[in-house]
Amino acid sequence: MSIEPLVRELLNLPAETEWVEFKHDNADPTGIGEYISALANSATLHDKNKAYVVWGIDDKTHEILGTTFNPHKAKSNNTELETWLRKRLSDYANFWFYIEEINNRSIVLLEIDPAQVTTIQFESNSWIRVGSYKKKLKDFPALEAELWKKLNSAKFEEQPAKTDLTMRDAFKLLDYVSYFDLLGIEQPESQSQMLHYLKEDEVIRKQDNGLYTITNTGALLFGKKLSSFDRVWRKALRIIQYKGVNRIEGVREEILDRGYISGFEEMIRLIESILPSREELIGGITRETITAYPDTGIRELVANQLIHQDLAETGSGPMVEIFDGRIEFTNPGAPLVDINRFIDSPPKSRNEKMAALFRRAELSEERGSGWDKIELACGDYYLPAPKITEYPAATRVIMVAHKAYKDMTIEERLWTCYIHACYQQTESKHLTNASLRNRLDLPESSQAMTSRLIKKAVDKGLIKPFDPEASAKTKSYVPYWM
């Protein structure tokens, strides 16, 4: 990569900034370490993708002077400069040195990533730029508070998946046709016109050097191949089919190497092709394929696990596991809301940009009604309510195939009773003996058995009578949290 276009862009700045420093020959190792800390922190504070130090430039006139500094040969205490710096900088410091001749003069560029997760320190001190001056961060409490606010709100979605791309190369990596088609935008004729929309949705960003970055959001949602992006390829959806009811013998494994939105329908088709199904005659003429699990429920659960995963969790990604009699949907990250309140809680997502784009593509909703749809779909198929399990760094939802009431475990019966009460509440209704019998596909003759289940749910603290004074025939029930 030639650094000349970037250097010339930086020279057009009227003066040094909080994220750009010009130098002639001053290459004091301690000073460089402090500048890396200061510029990294300032880049985050000012929402910049990179920060820079350029040697060989007059800091007042921006004249190209050239420099004798060579970072690849420089040492400090008999240690190579870069090694010496990395030992003294905090763990998340990322920087690179480049050397190139411009106007027949040697120019050195130090490119620095903005601080992420925490402030960048050098020898246990955090530095910041105040105007064009380097200062200790602790001496500026207002700036320190603002920086921490930025760090705490930093999103994986906004970080770069691939940088230094030409416009043409960026478009080669993205399924931009799906972007325009699924978001209902008429596709412009030229790439420069298309770029406007992709930049607005932060799928692509323009860099200081005139090249382009594809963000993690862009790669995850519209990447032609997730394997083309080092930072996100481990987050591709895995679909695994097992023989029997445990994980001893795998039958099939697929990794969906496409963006979540552009490849969503392919994901659903693949999952449903593995699931058991049967054909039924409609009107004695048309055959309809009936799967063992509701399509609406599967679509909502897949969308939920993709949108609500904790993208900061490394080494794991979303997974759908198919067993005899059940499907498990697992995503990285503990849930953001109480698992007992999934149905009624207001929408809350770690990944707001992803959630918004899924909604615009009409693949999910941000109104918090996803679990209502899941329960309604499971009720239509007379399936037990999906079980939700919370782990320290993961969330798992288990959808179980149809079971007769006599074959359901007591846990499945009670959980279905509770979720039915929650669903009824969102519909401004109450659980009754009749409504629960209908949910469980039980005949009217099962009133006594249903009453016993309701009593157990009350005793367990899952539901409570809406009106404790009501007669047995008119008694109705609401979730415990009402």
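Colleague: How do you know that S11 and S12 are joined?

Modeller: Three bridges link S11 to S12, and the two run antiparallel. Pairing takes at least two DSSP bridges between two strands, so these two pair. Helices (H or I, at least four residues) and strands (E, at least two) are DSSP runs numbered from the N terminus. This is a predicted model, so local features need pLDDT of at least 70 and side-chain atom pairs count only at pLDDT 80 or more, while totals for chains, interfaces and linings use all residues. Residues are numbered from 1 along each chain as its sequence is written, and side-chain values use heavy atoms, with hydrogens and water left out.

Colleague: What takes a positive phi in the hairpin of S11 and S12?

Modeller: Gly 210, near 85°. That hairpin has five residues between the strands.

Colleague: What makes both faces of strand S12 count as covered?

Modeller: Tyr 212 and Ile 214 are buried on one side, Thr 213 and Thr 215 on the other. Buried means under 20% relative accessible area, exposed means over 50%, and partly exposed is in between (1.4 Å probe, protein chains only). In a regular strand the side chains alternate between the two faces of the sheet. S12 also pairs with strand S10 (residues 160-165), antiparallel, over three bridges. There, Pro 160 has Thr 215 as its bridge partner.

Colleague: How do you know which way S13 and S17 run?

Modeller: Strand S13 (residues 237-242) and strand S17 (residues 319-323) are parallel, joined by four bridges. Gln 241 has Ile 322 of S17 as a bridge partner.

Colleague: Why is Ile 322 called buried?

Modeller: Its relative accessible area is 4%. That is under the cut-off, so Ile 322 is buried. Among the residues that Ile 322 touches are Ile 239, Ile 271, Leu 275 and Ile 327. A contact means heavy atoms within 4.5 Å. Ile 322 and Ile 398 are 76 residues apart in sequence and 10.0 Å apart in space, C-alpha to C-alpha.

Colleague: Why are H10 and H11 called roughly antiparallel?

Modeller: Two packed helices are described by the angle between their axes and the distance between the axes. H10 and helix H11 (residues 352-360) pack at about 150°, with axes 9 Å apart. Axes are lines fitted to C-alpha atoms, for helices over the stretch in contact, and angles run from 0 to 180 degrees between N-to-C directions. Under 35 degrees is roughly parallel, over 145 roughly antiparallel, 65 to 115 roughly perpendicular and the rest oblique. H10 and H11 are therefore roughly antiparallel.

Colleague: Which residues make the contact of H10 with H11?

Modeller: Ala 303, Leu 306 and Ile 307 from H10, with Met 354, Ala 355 and Phe 358 from H11. By class, six are nonpolar, none polar and none charged. Nonpolar covers Ala, Val, Leu, Ile, Met, Phe, Trp, Tyr, Cys and Pro; charged covers Asp, Glu, Lys and Arg; the others, Gly among them, are polar.

Colleague: Why is H13 called roughly perpendicular to H15?

Modeller: The axes of H13 and helix H15 (residues 447-459) cross at roughly 80° and come within 10 Å. That angle is inside the perpendicular range, so H13 is roughly perpendicular to H15. Ile 410, Arg 413, Leu 414 and Cys 417 of H13 meet Leu 453, Lys 456 and Ala 457 of H15. This contact has five nonpolar, no polar and two charged residues.

Colleague: What makes Val 302 and Phe 358 stand out in the largest nonpolar core?

Modeller: They touch the most other members of that 89-residue core. A nonpolar core joins buried Ala, Val, Leu, Ile, Met, Phe, Trp, Tyr and Cys residues through side-chain atoms within 4.5 Å. Helix H13 (residues 410-426) gives its largest share, eight residues.

Colleague: How do you know whether Asn 78 is buried or exposed?

Modeller: Its relative accessible area is 77%, so Asn 78 is exposed. Asn 78 lies in the loop between strand S3 (75-76) and strand S4 (79-80). It has a positive phi of about 65° although it is not a glycine. Most residues other than glycine have a negative phi.

Notes
Lists of a residue's contacts leave out its neighbours within four places in sequence.
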